[in-house]
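Reader: I would like to go through this chain term by term. Please set each value against its cut-off.

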Amino acid sequence: MCSSALKEIAVLEPTVSELQDIRRRVEQVAKLSDGLVKIGGLRLGLDGVLAWLPGIGEVYSTAAGGYILYQGVRAGVPLTTLAQCGALLLGRTGITAVPLAGPMAADFFTAHRWSARMVLKAIDKKLATRGAPVQPMRDGFVRRMWSGKRPVASAF
């Protein structure tokens, strides 16, 4: 009986519009966390600012990282990519445990942005295989534009 019930459960692939919505959300969290302000080569967001507040920075970092991973799961991002993102985010949260040096390192270690980039790349592959236009990545990400029948990568 259990096996017949399992056969009836279908894994639902997200639609193109759902993938585009997930993509937009992940991109927004990355920008909010690690890209609100650009000073020279340094990008600063809520994650870098809140890292200086003990406890609050860790809570924000964990919540934002968990959200990126959750959206990746919803989009059907490969498990290996999600594991790499999780390791980056765990390392970033661990860095801030070091007094004084940790928050400074968090300003340079933009794990949310890096993880979001990996999730966005996986989502873009799914969108491209479905023939859907791939949205341009903003804020210094690699940018893809729709040109004819295939996405063409270009620098932003």
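Reader: Which residue just after H4 takes a positive phi?

Author: Glycine 76 does, with a phi of about 80 degrees. A caution on the source: this is a predicted model, where local features need pLDDT of at least 70, side-chain atom pairs count only at pLDDT 80 or more, and totals for chains, interfaces and linings use all residues. Residues are numbered from 1 along each chain as its sequence is written, and side-chain values use heavy atoms, with hydrogens and water left out.

Reader: What elements are there in the chain?

Author: Seven helices and four strands. Both are DSSP runs, numbered from the N terminus: helices are H or I with at least four residues, strands are E with at least two. From the N terminus on, the order is α-α-β-β-α-α-α-α-α-β-β.

Reader: Why are H4 and H5 called roughly antiparallel?

Author: Their axes cross at roughly 175 degrees and come within 10 Å. Axes are lines fitted to C-alpha atoms, for helices over the stretch in contact, and angles run from 0 to 180 degrees between N-to-C directions. Angles under 35 degrees count as roughly parallel, over 145 as roughly antiparallel, 65 to 115 as roughly perpendicular and the rest as oblique. H4 and H5 are therefore roughly antiparallel.

Reader: Which residues make the contact of H4 with H5?

Author: Contact means heavy atoms within 4.5 Å. From H4 come Glu58, Ser61, Thr62, Gly65, Leu69, Gly72 and Val73. From H5 come Leu82, Cys85, Gly86, Leu89, Arg92 and Thr93. They divide into five nonpolar, six polar and two charged. Here Ala, Val, Leu, Ile, Met, Phe, Trp, Tyr, Cys and Pro count as nonpolar, Asp, Glu, Lys and Arg as charged, and the others, Gly among them, as polar.

Reader: What makes the 29 Å reach of H4 close to the expected value?

Author: The expected span is 1.5 Å times one less than the number of residues. H4 has 20 residues, and 28 Å is expected.

Reader: Why is leucine 100 called exposed?

Author: Its relative accessibility is 60%, so leucine 100 counts as exposed. Leucine 100 is in the loop between H5 and H6. Its phi is near 65 degrees, a positive value in a residue other than glycine. Most residues other than glycine have a negative phi.

Reader: What makes isoleucine 95 partly exposed?

Author: A relative accessible area of 27%. Isoleucine 95 is in H5. Leaving aside neighbours within four places in sequence, isoleucine 95 is in contact with Gly102, Ala105, Ala106 and Phe109.

Reader: And why is methionine 104 called partly exposed?

Author: Methionine 104, in H6, has a relative accessible area of 42%, so the term is partly exposed. Methionine 104 and alanine 51 are 53 residues apart in sequence and 8.3 Å apart in space, C-alpha to C-alpha.

How values were computed. Buried means under 20% relative accessible area, exposed over 50%, partly exposed in between (1.4 Å probe, protein chains only).
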